Amino acid sequence: MPEQIKIVEGDITELEVDAIVNAANSSLLGGGGVDGAIHRAAGPKLLDECRKLGGCPTGEVRLTKGYDLPAKYVIHAVGPVWDGGGHGEDESLANCYRNALQTAIDHKIHSIAFPAISTGIYGFPLKRATEIAVREVREFLDKHPQIDEVLFCCFDDRTARVYEETL
Ligand code: ADP
């Protein structure tokens, strides 16, 4: 695997990287899972900034500051809700990874951590989502060597095992 890619197990809000990615919903007003954890750790100013953004369509991303997080930025990515796989879910998920990485380049972000977008409350099958995540990150890094580090932050053992197998 490319040396820039690493799997870490734990809480994404604790990672000391330039940017963490949030698995947000389209309102950008917070929610459960990793989204709730990020808002709790960043503090209320994050929600104030998110309110001004007026939402975000599926597959797109929005950048905010990280406030009380160790990370300087949060890249909010809106993953697809799983609906059987025939409704463009794969492409929307791929777009989240591509758009987040492009935003990183645009803002001179050199290290970035992703959660397993859409695989929690949104119900995307884990193995299928992981294959998309790994493929998109690899393809992007091949073309953009200015990114030094991409962490796949896995919150549980099962997710970490699937990432290890896939990489
Ligand atoms: P979605 O709605 O996109 O499915 P979830 O937050 O429900 O988003 O889940 C996405 C992934 O994030 C799941 O693997 C979940 O276990 C994981 N997760 C939840 N909390 C955290 C956290 N604090 N750090 C990293 N990953 C987390």
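The entries below follow that order.

**Basis.** I am working from a predicted model, in which local features need pLDDT of at least 70 and side-chain atom pairs count only at pLDDT 80 or more, while totals for chains, interfaces and linings use all residues. Residues are numbered from 1 along each chain as its sequence is written, and side-chain values use heavy atoms, with hydrogens and water left out.

For burial I use relative accessible area: under 20% is buried, over 50% is exposed, and in between is partly exposed, with a 1.4 Å probe and protein chains only. The core holds 35 residues, and Tyr97, Phe114, Val137 and Phe152 touch the most other members. At least two of its residues come from each of strand S2 (19–24), strand S4 (73–78), helix H3 (89–106), strand S5 (111–114), helix H4 (126–143), strand S6 (149–154) and helix H5 (157–166). Helices (H or I, at least four residues) and strands (E, at least two) are DSSP runs, numbered from the N terminus. H3 gives the largest share of this core, eight residues. Another core, of 18 residues, lies apart from it and includes Val17, Ala71, Val78 and Leu151.

I then checked Val137. With its neighbours within four places in sequence left aside, Val137 is in contact (heavy atoms within 4.5 Å) with Ile5, Tyr97, Leu101, Phe114, Val150 and Phe152.

**Helix pairs.** Two packed helices are described by the angle between their axes and the distance between the axes. The axes are lines fitted to C-alpha atoms, for helices over the stretch in contact, and the angles run from 0 to 180 degrees between N-to-C directions.

How do the axes of H3 and H4 cross? They come within 9 Å and cross at roughly 35 degrees. The crossing of H3 and H4 is right-handed; that is, the near helix is turned clockwise from the far one by less than a right angle, anticlockwise being left-handed. On the H3 side I noted Tyr97, Leu101, Gln102 and Ile105 among the residues in the contact, and on the H4 side Ala133, Val137 and Phe140 among them. The contact of H3 with H4 divides into 10 nonpolar, one polar and five charged residues. Here Ala, Val, Leu, Ile, Met, Phe, Trp, Tyr, Cys and Pro count as nonpolar, Asp, Glu, Lys and Arg as charged, and the others, Gly among them, as polar.

For H4 and H5, the axes come within 10 Å and cross at roughly 50 degrees. That makes H4 oblique to H5, since angles under 35 degrees count as roughly parallel, over 145 as roughly antiparallel, 65 to 115 as roughly perpendicular and the rest as oblique. The crossing of H4 with H5 is right-handed. Leu126, Thr130 and Val134 are among the H4 residues that meet H5, where Val162 and Tyr163 are among the partners.

Helix H1 (residues 33–42) packs on helix H2 (residues 44–51) at an angle of about 115 degrees, with the axes 6 Å apart. Ile38, His39 and Ala42 of H1 make the contact with Leu46, Leu47 and Cys50 of H2. I count no charged residues there, with five nonpolar and one polar. Asp35, Gly36, Ala37, Ile38, His39 and Ala42 are buried in H1, and their cover includes S2, H2 and S4. Just after H1, Gly43 has a positive phi of about 90 degrees.

**Single residues.** Residues up to four places away in sequence aside, Ala104 touches Ile75, Ile109, Ile112 and Ile147.

His144 sits in the loop between H4 and S6 and is buried, at 17%.

Lys6 is in strand S1 (residues 5–9) and is partly exposed at 35% relative accessibility. Lys6 and Phe152 are 146 residues apart in sequence, yet 6.2 Å apart in space, C-alpha to C-alpha.

Leu28, in the loop between S2 and H1, has a positive phi near 60 degrees, in a residue other than glycine. At 2% relative accessibility, Leu28 is buried.

Note on methods:
Core = buried A, V, L, I, M, F, W, Y, C linked by side-chain atoms within 4.5 Å.
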